[in-house]
Amino acid sequence: MQINRIEFDKKRFYEIEGVKYPSSTTILQILQKPALIPWAAKKTAEYIGEHLKDLQDGKVKIESLNISEILYGAKGEAERQKQAAADIGTQVHQAIEGYLRTGRKPYLSGKVETGFLQFLAFWQESGLTVCSPDCEFPVASLRYGYAGTVDCLAMDADFNTVLV
């Protein structure tokens, strides 16, 4: 069975025999994430607080332009921080994939290194071994109508197959 991954309107689908199935990630993006609302409000308030301190300390003069800039910046702060975290996650994912393919630890720093080391602790504690160096391959459930990508096919100590 041929599975093709396609992107449409910032959503991922997998096409199988002419039928498009949403990815598990696309399905999960539909769900409400109530914890993000207070987080976003907190990041917005923190941004305004930092800039009001600059006004209070006299580093910036109060002008209508400054106020507009602060409010505009505050509006996008949560999204900027969310994207920065996503970028770190992508780098960690790439480092993990490289490690699973080669067995060599990459040179990393900062939050990317921290994320990778957390994975490495999990991996070593789990006792899993990589079954195939081919990371990231598509899987689908025609029965439930969705598809996705497995990051790694592994085996546990009892020789059970584990999808990571």
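Buried means under 20% relative accessible area, exposed means over 50%, and partly exposed lies in between. The model discussed here is predicted.

User: Is Gly110 buried, exposed or partly exposed?
Analyst: Gly110 belongs to helix H4, which covers residues 110–126. Its relative accessible area is 45%.

User: What distance separates the C-alpha atoms of Gly110 and Ile88?
Analyst: Along the chain, Gly110 and Ile88 are 22 residues apart.

User: In what order do the helices and strands of the protein chain run?
Analyst: The protein chain has 4 helices and 8 strands. Read from the N terminus on, the order is β-β-β-α-α-α-α-β-β-β-β-β.

User: Is the protein chain compact or spread out, and what is its radius of gyration?
Analyst: Along the principal axes, the C-alpha atoms fill a box of roughly 65 × 40 × 25 Å. For 164 residues the globule rule gives 15 Å, and the chain is well over that, so it is more spread out than a compact globule. Its radius of gyration is 22 Å.

User: What percentage of the residues of the protein chain count as buried?
Analyst: The cut-off for buried is under 20% relative accessible area. The protein chain exposes about 11,800 Å², with 57% supplied by carbon and sulfur atoms. Of its 164 residues, the share that count as buried is 24%.

User: How far apart are the mean positions of the positive and negative charges?
Analyst: The protein chain holds 19 positive and 21 negative charges. The distance between their mean positions is 4 Å.

How values were computed: Residues numbered from 1 in each chain as written. Predicted model: local features only at pLDDT ≥ 70, side-chain atom pairs only at ≥ 80, totals over all residues. Heavy atoms only, no water. Helix = DSSP H or I, 4+ residues; strand = E, 2+ residues; numbered from the N terminus. Buried < 20%, exposed > 50% of the residue type's maximum accessible area, 1.4 Å probe, protein only. Rg over C-alpha atoms; globule rule 2.2 N^0.38 Å. Areas by Shrake-Rupley, 256 points an atom, 1.4 Å probe, with all protein chains shown as cover. Lys, Arg positive; Asp, Glu negative; His and termini not counted. Charge placed at Lys NZ, Arg CZ, Asp CG, Glu CD.
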